[in-house]
Amino acid sequence: MKLIFEKSVPGRIGVDVGATDEDALKLINSRFLRRIDTMLPEVSELDVIRHYIKLSQLNFSVDTHFYPLGSCTMKYNPKANEAVSGLPGFADLHPFMSYIDEDSVQGSLEIIYRLSSLLAEITGMKGVTTQPYAGAHGELTGILLMEAYHKSRGNKKKYVIVPDEAHGTNPASAAMGGYSVKSIPVDRDGGMDVDLFRKAMSDEVAGIMLTLPNTLGMFHRRICDIVEIARKYDALLYNDGANLNAILGKTRPGDIGFDIVHMNLHKTFSTPHGGGGPGAGVVAVSEKLTEFLPTPVIGRKKKGNYYLDFNLKNSIGCMASFFGNFAILVRAYAYIMMLGKEGLVDVSEKAVLNANYIRVKLKQYYDLPYDHTCMHECVFSAKRQVKKSGVHAIDIAKALIERGIHPPTIYFPLVVDEALMVEPTETESKETIDQFVEAMIEIANLAESDPDRIKNAPNNTPVSRPDETRAARELKLTCQQ
Amino acid sequence: MARFTPHTEQDTRQMLEAIGVTSIDKLFEDIPDNLRAKSFQLPEGKTENETVKIFNDLARRNRTDYISFLGGGYYDHFIPAAVSTVSSRSEFYTAYTPYQPEASQGTLRAIFEYQTMIAGITGLEFANASLYDGGTALYEAMAMAVRANNRRKVLIDAGVNPLFRRIVKTYVINIDIEIVEVDLDDIRTDKEKLASMLDDETAGLIVQNPNFFGIVEDYEDLFIRAREKGIVSVLVFYPLSLGILKTPGEMKADIAVGEGQSLGLPLSFGGPYLGLMAVDKKFLRKMPGRIVGETIDRNGKKAYVLTLQAREQHIRREKATSNICSNQALCALRAVVYLSLIGKEGFRKTALICMERSEYCKNALRAIKGLEIVSGPTFNEFTAVLPGAAEKFLKKMLAAGFAAGLPASLFYKDKARHLIISATEKRTTDEIERFAAAVKKVLS
């Protein structure tokens, strides 16, 4: 398939933008003007539509394929959420109007205020900022909140502790926020090793970042010990809420003792992943951190009017230009509104049910390094297949693609060799999951009887396996026309 | 109540049996009793019908019935219908990061085209797959500058969007980087002062074109001087202005970042937006964020993949170029469709019409007594000085049906009477005349 540039024909236009007055250019000194070509294509509207609709058909997506990508919570995205987020009253609203005339933006401010209250209740926290644009952005916000908290107490700390099963963004965010990272291994049960953690603790530790349930799909059974140890050193507990989908209404980060949690609205609260973004990484904090939140926060006056509050004396500042990805917040609010209390509890129950069903159905075919009841996802290993026939996790992933199923997350978490991390989500039916189980069993069998079939997969996709080494070595990052 | 879980009672029973437990509660036994949720006070669920009604009411409680001359880095541009037709394809919007290239060629190709177009409009060699927004992109550019030459001081012109500057200052609260804000000469960027401040301790220089007050500049000479001192030049740009204005590449900027909202994205009360980044080739490997590259598959067919991943957090962890692990793929898709639709000629013409309308607006306002238009070359935004404080004036204008602009006093304390006014290609000459008539009436 050609690129859009290769379809370009001089003189063709997609939209007529209207007539221009070339004399207007004389109003500006020519040294301020562009002299080089833009390299933009010249194509008709139909060319554009056909090109991009055809591109869309080259994708796997939740709406077309089962997508059990571990740690990403690829649940169904209800269409009502899309519809309401695009209402002209939201889509056409200039964010600076909130600075100029609060009365004219009350609908939007109410959404941010109410969504924040709901998310505070869901997490057991006191304060919320909707500014972070993504999970990693929420992490950085949390790290800066830690710094502000310790600074207010006259402390300058040096380290952030991260278990080695954590998502790579955790150490990257801690480093970006100015801390050195101490990495702690997991123990036999798949949780951060508490003894090693205790040894690593000191007054110089600003905080601990924990994913709960963790990336192995386990609820850390010694979490209380970790909280207690952290408190002794006045270290803050950060909860990477990537896996919040497992625990809605069951437990809350605030009740456990966490001080900060980020939520990926594009995971737990069903906003679409958009091919890699936009998401939203809302952060909630305990009482003692509310004074440090980024501004503006949305307040509510006695008469019920909403307003922008910039008067947080100890605020870290601003993480986003305005209120975060507002249109994503609208979707998440609609989702929570539709599901309500019982619906959200049901989400976690069915997510955990689906994951455990897969765990027991597949554990005789694939190694399960941490064989224990899981939460919303389970992590297998392809070690057995590697040993027997040289079939790796990546080969299994490609064989699934050949069977019309998006693969699990592979080679993560790093603490499991040849990891296959499966997160089915609650929106998938037993029939779909049974089909996945059958496909995985078929692949396990073929890995023994005819491994080359698996190693050469996929054969029915728009492209077969790309040469990634070549891509990195002979860099071609733009179309050379 | 809407439920998006398809399990029948029989399904649940069969699945529990297969797992070997008697109830769903058993699956949650790892959560100790003392850690169970102490509260979960949420409203009852609502039907889709009820929910949509509530949102319709909320949307109506926002006013959008005025004619807007409000910009400040975020603009009311026309968006052709075909942009939303493509971005509402759920094969695009319900997919995730294209880790599996065989199942994601659609997203990957669109990003590759996007990278090409952003490089093309900026006149620089390479672009990444996008960042969160303009402000966060500016931070990433600044961090690249600091990494490039290991110096700690960054000069940032006060004509750079104040929201972007606020983000940058927040990001560095716990890292050893000195941000020096350089004052404007009235509303113009003071190039001489900036040039005099370029020294051996300076890592980077950040300016914006047009600046926050709308003034257009040519920074080529300044950037050349910076380069001689090993200083990284960062230009904050307004993508649509590049239809006619000198590009970051022509000015010899090392890194260009901008807010991509003007490329087919609705205003949406602040997001989602699109962080644009393009770089000179020597900065390619220091660039954060996703990058798509072209290669071939096993059969020699062209294929697209995420590449240069050794820079990224999932491999480098705390040593990564940034913590970012996503891009604004769907927003980038809208931008690439928008740019394809308006095309080479439409990109230039749209920019020119923006400038024409803005000039028309200046002329219409010039005739009004008591109001002064600050002189200087501009694109689609300019600054007027009112006879009194801008806030009251704006309320009256809003009552008359116009969002009249952005009061500079929000960010510049010494500019209580300055109003930043923008006119895009969407404003008709008739609307502009009505606007001028309303301004005259309010001021009289």
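**Domains of chain B.** Domain bounds here come from an automatic or database domain assignment. With that in hand, I found chain B divided into domain 1 (67-77 + 344-443) and domain 2 (81-338). Their C-alpha centres lie 28 Å apart. I then looked up the contact between them (two residues are in contact if their C-beta atoms, placed from the backbone, lie within 7 Å). It takes 22 residues from domain 1 of chain B and 19 residues from domain 2 of chain B. On the domain 1 side, H11 and S12 of chain B are the elements that give two or more residues, and H11(B) gives the most, with seven. By class, that side has 13 nonpolar, six polar and three charged residues. For the classes, Ala, Val, Leu, Ile, Met, Phe, Trp, Tyr, Cys and Pro count as nonpolar, Asp, Glu, Lys and Arg as charged, and the others, Gly among them, as polar.

**Ground rules.** I noted that this is a predicted model, where local features need pLDDT of at least 70 and side-chain atom pairs count only at pLDDT 80 or more, while totals for chains, interfaces and linings use all residues. Residues are numbered from 1 along each chain as its sequence is written, with chains lettered from A and ligands numbered from 1 in the order in which they are written. Helices (H or I, at least four residues) and strands (E, at least two) are DSSP runs, numbered from the N terminus.

**A sheet in chain B.** Four strands form an open sheet in the order S11-S12-S15-S14, with antiparallel pairing; two strands pair if DSSP finds at least two bridges between them. Strands S11 (372-373) and S14 (406-407) of chain B are at the edges, each with a single partner strand, so one side of each has no neighbour in the sheet. I counted five bridges between S12 (residues 381-385) and S15 (residues 418-422) of chain B. One of the pairs to look at is Thr383(B), whose bridge partner in S15(B) is Ile420(B). Helix H11 (residues 329-366) of chain B packs on this sheet and touches S11, S12 and S15 of chain B.

**Helix H9 of chain B.** Which residues of H9 (residues 220-228) of chain B are buried? They are Leu222(B), Phe223(B) and Ala226(B). A residue is buried if 20 or more other C-beta atoms lie within 10 Å of its own, exposed if 12 or fewer, and partly exposed in between, with C-beta atoms placed from the backbone. The buried ones fall within an arc of 95° seen down the axis, so they line one face of H9(B); the arc is that of the directions from the helix axis to the C-beta atoms. Turned away from that side are the exposed Asp221(B), Ile224(B) and Glu228(B). The cover over the buried residues includes helix H8 (191-197), strand S5 (202-209) and strand S6 (232-237) of chain B. After H9(B) comes Gly230(B), with a positive phi near 75°.

**Between the chains.** I found 170 residues of chain A in contact with 163 residues of chain B. Helix H11 (residues 326-362) of chain A gives the largest share of the chain A side, 22 residues.

**One residue at the end.** Asn174(B) sits in the loop between helix H7 (162-171) and strand S4 (178-182) of chain B. It counts as buried because it has 20 C-beta neighbours inside 10 Å. Leaving aside neighbours within four places in sequence, Asn174(B) is in contact with Leu144(A), Glu147(A), Gly177(A) and Gly178(A).

Technical notes: Axes fitted to C-alpha atoms, helices over the stretch in contact; angles between N-to-C directions.
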